[in-house]
Amino acid sequence: MSGTDGLALATRGLRKNYGSRRALDGLNLSVPAGVVYGFLGPNGAGKTTTMRVLTGLVHPDGGTVEILGKPFRRGDRHRLFEVGALVESPTFYPYLSARANLRELSASGARVASKRIEELLDLVGLCERGNDKVEDFSMGMKQRLGIGAALLSDPKLLLLDEPANGLDPAGIVAMRDTLRTLASQGKTVFVSSQLLAEIQVMADTVGIIASGKLVREGPLKELLAMQGVIKVRVQPDRVDAAIATLAPEFPAERLTETDHAEGWLSVRIAPDRAEEISQKLAGAGIFVSGLESGTDLEMLFLQLTGGQADTGEGSFVGLGGPDNGGETAGKGTAA
Amino acid sequence: MRLFFSGLRKLVRRPATWVTVGLLIGLLVLILLAVGATANGGGLRANSANAKLLITFPGAYDRILQFITGLGGLFAVLYGAAIAGSEWGWGTFKSAVARGESRVRYMLISYVTVAVMIAFGIIITFAVGVVAAVIGAHLANVSTSGLGDSATIGDLPERLLKGWIAVVEEGALGFTIATLARSQLAGIGVGIAFYFGEGFASLFLPDIVKYLPFSVANASLVTGSSTAGAFAGGASGLPADQAQVLVFAWLVGALIVAALFSDRAEITG
């Protein structure tokens with residue numbers, strides 16, 4: 001595979017069909033080593049299928065996968081000895097304790113030192129509940145145990161599918177810190193999530209897929225720099241005049257009236273151009289009474305995925321009906 | 001070996017293991033004690049004499065074994081199905097695969113551990129059954145002088161071994177069916193249907209059914225002095241030595257199917 005040096009994980013032209021439905025359509029991922037990589041996409045975009053392929057649960061119809069610099073083909077199960085994974089929901093024997101589950105799971109795959117189980121129970125905050133049966137655990141506790149299970153072999157590459165599912169806010173913060181710490185130790189953390197805000201504060205690099213294809217990938221800071229939002233507040237009766245002033249320079253798709261009654265406009269440009277906007281409006285005799293600037297992963301995500309993905313799964317339209325995608329996006333622009 | 005001992009630990013702590021063996025032991029003890037308590041209490045003399053055969057040694061050894069391999073065969077189907085089905089339903093097989101474990105090895109070793117538990121179950125049930133038969137004999141004032149019959153006791157290890165192989169073969173069917181269905185419930189349901197369906201079909205198609213798994217399991221246990229017993233499903237139309245070969249073939253065949261399916265399957269649940 002060419003051009004994959006320094007990557008912890010790479011896919012090239014990955015294809016997977018379920019019957020007539022195309023789940024992955026030539027997916028090319030390049031996950032650098034030692035980062036937290038946020039893997040984003042709408043429902044049915046192919047995130048979980050990608051996870052399944054990367055963990056050998058399903059076999060791709062085409063394309064290649066490289067894990068930690070070596071090809072991962074059907075039967076190359078030893079590649080997974082250096083990989084930890086939480087795919088979909090955490091899975092355990094309900095009648096066994098948390099400690100026993102980790103112990104029995106460690107009997108498969110790579111060898112694990114017994115003290116590692118205690119370290120992990122401590123890490124995920126289940127030391128005191130380690131002897132309780134998993135069937136008595138809440139969803140959040142199972143999720144924590146699932147993260148612990150993924151870390152059993154002290155993996156170099158960690159694949160986590162929606163790891164924040166069911167976690168309380170403190171648990172999410174702890175998980176985020178843990179993943180950041182792992183990345184700082186040189187491990188690579190590949191996180192699939194729908195929680196864009198969470199990814200925005202956690203990930204170094206993101207990849208966004210839609211309909212089984214990668215639509216954008218790169219360092220998060222670089223992507224967001226291209227996705228700035230400036231939100232301007234003027235007198236409500238000057239909104240139309242403000243739009244007329246800015247319209248020659250900013251096309252309609254970049255200029256949105258988000259709340260006429262309150263006098264808010266959104267302009268999608270780099271945040272460092274806020275002063276320029278303010279000057280332009282002042283030059284036309286329109287004075288800015290409020291100004292916010294920033295970047296937003298949600299906006300980028302919606303823009304790249306078209307707001308709603310054509311996934312065959314259907315999508316959540318919301319109370320505003322099927323036309324509200326742009327409005328919702330507009331309201332979400334203030335940082 | 002890690003996987004093997006892990007499998008044993010999982011089964012020892014699994015409620016289904018103790019429910020299955022407990023139910024088998026409970027039914028056997030209940031029957032033997034009930035026979036002992038009621039054998040002299042009236043009814044037809046012929047029935048009473050037949051009932052007493054269950055608690056009269058050395059023949060009681062044979063009948064206890066028939067019970068275990070007969071009803072125990074059905075329980076083994078259910079147990080095998082429960083173990084394999086839960087691996088798919090709970091997603092624990094998925095977790096092992098995602099850790100780089102060999103799918104084939106995982107499934108085969110899982111069944112080896114089931115077979116070991118079946119062996120323990122047979123031995124424990126047999127031992128408890130003998131004790132219950134002795135108690136039943138005392139209750140019915142039947143002599144237990146045949147308890148130490150050396151010829152019968154000498155044959156017991158071989159008969160227990162053959163019984164174990166037959167029950168393991170039946171368990172393998174449940175295991176494989178649940179693997180194909182990826183479900184405990186489906187595996188158990190289909191396993192029961194096959195068990196009784198084979199017995200029912202033997203009324204109409206004996207020449208075909210005698211080669212089917214439950215029938216060959218029964219036939220493999222028939223000796224000069226015994227029959228397959230009233231608790232067995234299927235038919236028993238083949239000579240024992242031929243049936244034993246077929247038992248082995250069904251056992252190996254079922255496990256090959258389970259292993260191949262597990263190896264090829266797309267784990268999407």
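Biologist: Which residue stands opposite A:S192 in β8(A)?

Modeller: That is A:D161. Keep in mind that this is a predicted model.

Biologist: How do β7(A) and β8(A) pair, parallel or antiparallel?

Modeller: They pair in the parallel sense, over five bridges. Strand β8 of chain A covers residues 188-192.

Biologist: What sheet are they in?

Modeller: An open sheet of six strands in chain A. The order is β6-β7-β8-β3-β9-β10, and the pairing is mixed.

Biologist: Which strands stand at the edges?

Modeller: β6 (83-86) and β10 (213-219) of chain A. Each has a single partner strand, so one side of each is left without a neighbour in the sheet.

Biologist: How much are neighbouring strands turned against each other?

Modeller: By 15° on average, with direction ignored.

Biologist: Which strands does α5(A) lie across?

Modeller: β3 (36-40), β7 and β8 of chain A. The helix runs at about 145° to β8(A). Helix α10 of chain A, residues 297-305, packs on the sheet too. α10 touches β3, β9 (205-210) and β10 of chain A. Its direction makes about 35° with that of β9(A).

Biologist: New topic. What is the strand order in the open sheet of four strands?

Modeller: β2-β1-β4-β5 in chain A, with antiparallel pairing. β2 (21-32) and β5 (70-71) stand at the edges. Each has a single partner strand, so one side of each lacks a neighbour in the sheet.

Biologist: Which helix packs on that one?

Modeller: Helix α1 of chain A, residues 47-54. It touches β1, β2 and β4 of chain A. The direction of α1 makes about 65° with that of β2(A).

Biologist: How many bridges join β1 to β4 of chain A?

Modeller: Five, and the strands run antiparallel. A:R12 stands opposite A:T64 in β4(A).

Biologist: Now helices. How do α2 and α4 of chain A cross?

Modeller: Their axes come within 10 Å and cross at roughly 30°. The two helices are therefore roughly parallel to each other. The crossing is right-handed.

Biologist: Which residues meet there?

Modeller: A:A98, A:N101, A:L102 and A:L105 in α2(A) meet A:L145, A:G148 and A:A149 in α4(A). By class, that makes five nonpolar, two polar and no charged residues.

Biologist: Zoom out. Where are the domains of chain A?

Modeller: Domain 1 is 7-217 and domain 2 is 227-331. Their centres are 36 Å apart, taken over C-alpha atoms.

Biologist: How many residues of chain A are in contact with chain B?

Modeller: 25, and they contact 24 residues of chain B. The chain A side has 15 nonpolar, seven polar and three charged residues.

Biologist: Which peptide bond in chain B is cis?

Modeller: The one from B:F57 to B:P58, with omega near 10°. Most peptide bonds are trans. B:P58 lies in the loop between α3 (45-53) and α4 (59-89) of chain B.

Terms used
Residues numbered from 1 in each chain as written. Chains lettered and ligands numbered in written order. Predicted model: local features only at pLDDT ≥ 70, side-chain atom pairs only at ≥ 80, totals over all residues. Contact = placed C-beta atoms within 7 Å. Nonpolar A, V, L, I, M, F, W, Y, C, P; charged D, E, K, R; others polar. Domains from an automatic or database assignment. Pairing = 2+ DSSP bridges. Axes fitted to C-alpha atoms, helices over the stretch in contact; angles between N-to-C directions. Parallel < 35°, antiparallel > 145°, perpendicular 65-115°, else oblique. Left-handed = near helix turned anticlockwise from the far one by under 90°.
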